[in-house]
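Please read it with the sequence and the coordinates at hand.

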Amino acid sequence: GHKLATMRSMLQKSIRRGIVEDCAYACYEMMSGGYVNYLWKTLMVISAEDCYGYGISKEIETLYNFDKICNTGLKKGQERNRIFISKACMLLIGVSKSRDADVFACKYFIDTKEVKDVKEYADDQGRREDVPDYVFDCHTIEGRIAGKKKDGFFESEDKALKYRQMSLFD
């Protein structure tokens, strides 16, 4: 008897907060309402919007594919296997959280609904006067004109890395 949007919000917010019971309730309501595909879509979005790291979205995709395999061709009255949705939820609840991707998408990408003249906005792109110097290297015309060469390129870019990890070549 709940609105779909309410259950979707409950699902995402309970995963963010690690509230297993609320997550399970929202999943059950969405599944019993016939919104399994929307439930999976929501879980995939949560993996990108709320979770730290890069492997979790692939994990959710894999579980989605397993769910399709195991629940295809169910006979009338046969109960759906809920293990893959359950596993996806538990992974999303347990993984470290980060809203970086969502903040990046919402803050730095243009929302064309908020721009009155999209063509004018598009025409202005690429004409920033405040492009930082590090942009112009041996791969850009401006960098090559300024004498930038491949010598030292890898070293300088390596030094500029934020959150740098050891590599095979260290």
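## Basis of the model

The model is predicted, and local features are reported only at pLDDT of at least 70, with side-chain atom pairs counted only at pLDDT 80 or more, whereas totals for chains, interfaces and linings use all residues. Residues are numbered from 1 along each chain as its sequence is written, and side-chain values rest on heavy atoms, with hydrogens and water left out.

## Overall make-up

The protein has nine helices and zero strands, where helices (H or I, at least four residues) and strands (E, at least two) are DSSP runs numbered from the N terminus. Read from the N terminus on, the order of elements is α-α-α-α-α-α-α-α-α.

Of the 170 residues, 24% count as buried, a class that means under 20% relative accessible area, with exposed meaning over 50% and partly exposed in between, for a 1.4 Å probe and protein chains only. Among contacts (heavy atoms within 4.5 Å) between residues at least 6 apart in sequence, 57% join residues at least 24 apart.

Helix α1 (residues 4-17) packs with helix α2 (residues 20-32) at an angle of about 150°, their axes being 8 Å apart; axes here are lines fitted to C-alpha atoms, for helices over the stretch in contact, and angles run from 0 to 180 degrees between N-to-C directions. The two helices α1 and α2 are therefore roughly antiparallel, given that angles over 145 degrees count as roughly antiparallel, under 35 as roughly parallel, 65 to 115 as roughly perpendicular and the rest as oblique. The crossing of α1 with α2 is left-handed, a term used if the near helix is turned anticlockwise from the far one by less than a right angle, with right-handed used if clockwise. On the α1 side the contact includes Leu 4, Met 7 and Leu 11, and on the α2 side it includes Asp 22, Tyr 25 and Met 30. By class, this contact of α1 with α2 has ten nonpolar, one polar and three charged residues, where Ala, Val, Leu, Ile, Met, Phe, Trp, Tyr, Cys and Pro count as nonpolar, Asp, Glu, Lys and Arg as charged, and the others, Gly among them, as polar.

The axes of α1 and α3 come within 11 Å and cross at roughly 35°, in a right-handed crossing. Residues of α1 that meet α3 include Arg 8, Gln 12 and Ile 15, and their counterparts in α3 include Tyr 38, Leu 43 and Glu 49. The contact of α1 with α3 comprises eight nonpolar, two polar and three charged residues.

## Helix α3 against α5

Helix α3 also packs with helix α5 (residues 83-94), at an angle of about 25° and with the axes 11 Å apart. The pair α3 and α5 is therefore roughly parallel, and α3 passes α5 in a left-handed crossing. Among the residues that meet here are Val 36, Leu 39 and Trp 40 in α3, and Phe 84, Ile 85 and Leu 92 in α5. The contact of α3 with α5 divides into ten nonpolar, one polar and no charged residues.

## Aromatic pairs

The structure holds two aromatic pairs, defined by rings of Phe, Tyr and Trp (its six-membered ring) whose centres lie within 6.5 Å, with planes under 30 degrees apart counted as stacked, over 60 as edge-to-face and the rest as tilted. One of them joins Trp 40 and Tyr 64 in an edge-to-face arrangement, at 5.6 Å centre to centre and with 65° between the planes. This pair links distant parts of the chain, Trp 40 in helix α3 (residues 36-49) and Tyr 64 in helix α4 (residues 55-71), which are 24 residues apart. Trp 40 counts as buried because its relative accessibility is 1%.

Ala 48 lies in helix α3 and is partly exposed, with a relative accessible area of 42%. Leaving aside neighbours within four places in sequence, Ala 48 is in contact with Ser 57 and Ala 101. Ala 48 and Asp 100 are 52 residues apart in sequence, and their C-alpha atoms are 9.3 Å apart in space.

Glu 157 is found in helix α9 (residues 153-160) and counts as partly exposed at 35% relative accessibility. Glu 157 and Tyr 134 are 23 residues apart in sequence and 9.1 Å apart in space, C-alpha to C-alpha.
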